[in-house]
Amino acid sequence: MTAHAPATVALLLLAVSAAACNTKHDANYCPDRPHQNCLNDASSDGPKTCTTAQECSAPTSVCDSAGSMTCVECTANEAAACVGQKPACSAEHQCRACVGHLDCSSSACLPDGSCAAETDVAYVAPGGSGSTCTKASPCLTLDKGILTNKPYVKIAAGLVKDNKLTTIDGRAVTILCDPGATLDRDGDGAIIEIRSAGADVRIFDLVVTGATGIAGGDGLDLTPNGGTPKLTLVRTTITANQGTGISATGGSLAVSQSTITGNLGGGLAVSGTTTTFDINATFITYNGLATGAQASQTGGAAITSNTTGSRFEWNTVAFNQSSGLTFRGGVSCNAPLVASAGNLLFHNTEADGVGGTKTDSTTQRNLAGGCQFGNTVSVPLDSTNLGFKAPLVAPFDFHLTATSPASIVDAAGLCTGVDVDRQSRPIGAACDFGADEFKP
């Protein structure tokens, strides 16, 4: 019998060991990397272990070498691996949609969850002095940002003020804003006007405030000018304008998850024979005046456009006033083709003819017209406690609370979509009336 040298025996034992580790009966078997089976505690369907990115492949093409030593979609140091509609890296090392502007190197998170390219954005900031509206050198006014003809304008936090009306004429542009971004103007008249064919303006998270002028001191005007302009407002606040908060005399208007409050000329006016609109999940409160030289006709919302497919639904309309001469204090919806269900109308008032306001139980102060009101609820008097969070003391808050009655919470039947806070509806057995879904 031939004796084997010690080195030969060791080689034979190593080969036998490797063969054992390369079988599917081994708990550590990994078919795509059999040469490392003996070195890694990994199952065939578990995370792939690694030491470098070269050992990883899509969709987990990054090695978490500073942590789990596994292949992942991204890490904090390699967030650039996330692109498209999932540009941000989560704490779990997974690519996700951006949820805020800080998730993007361009500081511009788009509504679809992707990040805008910096070269596509005109930047506007208080105190800006730039002429080309770059991120490094932003412009001072929204008007200058619009004139760059870039598809996106980003407004930084703080007050941005122009000395004239900002007109967006026949252009498509999306205006994105940091929290607290506020727009005003010097001089009387509207702050923003959207007009003409080809105009398609989307505004997110902006506060529009301070328009002056008894005639025309509106926050935003949507005017046809021979075309069908489009205006979409999401999470906007239209407040403290001397005229109407939003006036639409033509085109297409969409407002959601927004607040229209404290506008002396009234909250919302929609007119014109072809104007289409979709107003939902919005607080419309404390607009208009019932008496005095500036008494308003509009009240909370005055809608006369009778266009198929338009709707005014799931809004909270409260504590608005009008003179009562033309429109109701709350909602006047004189349009039989318009869907207007699910609204919550509360304590809207009108002039009493002798210098005061009517606060009796007449439901018509809240609601009038021929729209398809469906299950809209009208509560004329504030002697009925609807459990709003802070309806009488500024900053006013018309979210529902645990004290809101069963006639409001889980009482409005079926609905879909989201509420004013982007929470999916319904929460609970059925939908809640108004803009807010109460979340226990």
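Definition first: on a 1 Å grid over the protein atoms alone, a pocket is an open set of points with protein on both sides within 12 Å along at least five of seven lines, while a cavity is a set where a 1.4 Å probe fits but cannot get out. Lining residues have an atom within 4 Å of a point. Grid points are joined across faces, edges and corners, and a volume is the space filled by probe spheres set on the points.

I noted the ground rules. This is a predicted model, where local features need pLDDT of at least 70 and side-chain atom pairs count only at pLDDT 80 or more, while totals for chains, interfaces and linings use all residues. Residues are numbered from 1 along each chain as its sequence is written, and side-chain values use heavy atoms, with hydrogens and water left out.

I looked up the second largest pocket and found a volume of about 330 Å³. Its lining has 16 residues, and Thr237, Thr259, Phe283, His399 and Val420 lie nearest the centre. Two elements give two or more residues to this lining: β19 (259–261) and β22 (283–285). Helices (H or I, at least four residues) and strands (E, at least two) are DSSP runs, numbered from the N terminus. I then sorted the lining of the second largest pocket by type: 4 nonpolar, 8 polar and 4 charged. For this sorting, Ala, Val, Leu, Ile, Met, Phe, Trp, Tyr, Cys and Pro count as nonpolar, Asp, Glu, Lys and Arg as charged, and the others, Gly among them, as polar.

The largest pocket holds about 390 Å³ of space. I listed 19 lining residues for it, with Val99, Pro111, Asp205, Arg235 and Arg422 nearest its centre. Here β9 (172–177), β12 (200–204) and β15 (230–234) each give two or more residues to the lining. This lining splits into 10 nonpolar, 4 polar and 5 charged residues.

**Entry: the open sheet**

I traced an open sheet of 8 strands in the order β8-β11-β14-β17-β20-β23-β27-β31, with parallel pairing. Strands pair if DSSP finds at least two bridges between them. At the edges stand β8 (166–169) and β31 (367–369); each has a single partner strand, so one side of each is left without a neighbour in the sheet. I read an average twist of 10° from one strand to the next. Axes are lines fitted to C-alpha atoms, for helices over the stretch in contact, and angles run from 0 to 180 degrees between N-to-C directions.

Next I walked along the pairs. Strand β8 runs parallel to β11 (residues 192–195), joined by 4 bridges. There, threonine 167 has glutamate 193 as its bridge partner in β11. Then β11 runs parallel to β14, again through 4 bridges. Arginine 195 is partnered by threonine 223 in β14. Between β14 (residues 220–223) and β17 (residues 246–248) I found 3 bridges in the parallel sense. Leucine 222 sits opposite alanine 248 in β17.

Leucine 253 has phenylalanine 277 as its partner in β21. In turn, β21 is joined by 3 bridges to the parallel strand β24 (residues 311–313).

**Entry: cores**

A nonpolar core is a set of buried Ala, Val, Leu, Ile, Met, Phe, Trp, Tyr and Cys residues joined through side-chain atoms within 4.5 Å. Buried means under 20% relative accessible area, exposed over 50%, partly exposed in between (1.4 Å probe, protein chains only). The largest core has 51 residues, and I find the most contacts inside it at Ile155, Ile175, Leu220, Leu253 and Phe312. Strand β9 gives the most to this core, with 3 residues. Another core lies apart from it, with 21 residues, including Trp314, Val379, Leu386 and Val409.

Which residues does a cis peptide bond with omega of about 5° join? I found alanine 58 and proline 59. Proline 59 is in the loop between α1 (6–21) and β1 (62–63). The bond from alanine 394 to proline 395 is also cis, with omega near -5°. Proline 395 lies in the segment after β32 (377–379).

Positive phi came next. Glutamine 257, which is not glycine, has phi near 55°. Its place is the loop between β18 and β19. Is glutamine 257 buried or exposed? Glutamine 257 counts as buried, because its relative accessibility is 13%. Arginine 422 has a positive phi near 70°, and it lies in the segment after β32. At 51% relative accessibility, arginine 422 counts as exposed.
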